[in-house]
Amino acid sequence: MAVLPEPDWRAGGITQLWAGFDFSVYHWVEMRTKMRIMGFRGTVIKPLNEEAAAELGAELLGEATIFIVGGGCLVLEYWRHQAQQRHKEEEQRAAWDAMRDEVGHLALAVEALQAQMQAAPPQGALEELKVQVQEVRSQLGARDPSSTSKAVSTSKE
């Protein structure tokens, strides 16, 4: 069975970087996992020298930074999209409410016009009244010429 390498606890050691993380332990876990996947069991994994540990640490920190920045961008983009979606829904809701109000006003206007139409005499009744007025005028006009001609003839004499 492989033995976990002793971490380099020296003050200022390169294998131990920020927050006490020992990259030689990371190397040991990574290599042990790879060996097991490939079918090598119980092989001894050599500890990393300081230069290789520093290189591995720099690579790991660079990848972690890129991952964190990329994940942060994804989260911010998701929040931005959600805010846009909420704004769009609010605009649609406001437009819908405005249309509903306009339809209500138009319905009231239609009701008022219908009431006016019912209060006004029907078109057929107006035509009948016009015909009756013309008949009365013609009857009055037929009577007037004889009376006016008599009045004119009496005034001539």
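In which helix does Glu59 lie? Glu59 lies in helix H2, residues 50-119. Colleagues, the structure under discussion is a predicted model, in which local features need pLDDT of at least 70, side-chain atom pairs count only at pLDDT 80 or more, and totals for chains, interfaces and linings use all residues. Residues are numbered from 1 along each chain as its sequence is written, and side-chain values use heavy atoms, with hydrogens and water left out.

I begin with the fold. The chain has three helices and zero strands, giving the pattern α-α-α along the sequence. Helices here are DSSP runs of H or I with at least four residues, strands are runs of E with at least two, and both are numbered from the N terminus. Of the 157 residues, 10% count as buried; buried means under 20% relative accessible area, exposed over 50%, and partly exposed in between, with a 1.4 Å probe and protein chains only.

I turn to H2. The buried residues of H2 are Ala53, Leu56 and Gly57.

Two surface patches deserve attention. Patches are made of residues with over 30% relative accessible area and no salt bridge, joining like charges within 9 Å and nonpolar side chains (Val, Leu, Ile, Met, Phe, Trp, Tyr) within 5 Å. Accessible areas come from the Shrake-Rupley method with a 1.4 Å probe, and for residues only the protein chains shown count as cover. Glu51, Glu55, Glu59 and Glu63 form a patch of negative charge; Glu59 is partly exposed because its relative accessibility is 45%. Asp and Glu count as negative, Lys and Arg as positive, while His and the chain ends are not counted. The charge is placed at CD of Glu, CG of Asp, NZ of Lys or CZ of Arg. Val75, Leu76, Tyr78 and Trp79 make a nonpolar patch of about 460 Å². Trp79, also in H2, is exposed at 55% relative accessibility.

Finally, the salt bridges, each a side-chain nitrogen of Lys or Arg within 4 Å of a carboxyl oxygen of Asp or Glu. The count is three. Glu30 pairs with Lys34 at 3.5 Å, both in helix H1, residues 23-38, and four residues apart. Arg80 meets Glu77 at 2.5 Å; these two are about one helical turn apart in H2 because three residues separate them. Asp97 meets Arg100 at 3.7 Å, again within H2 and three residues apart.
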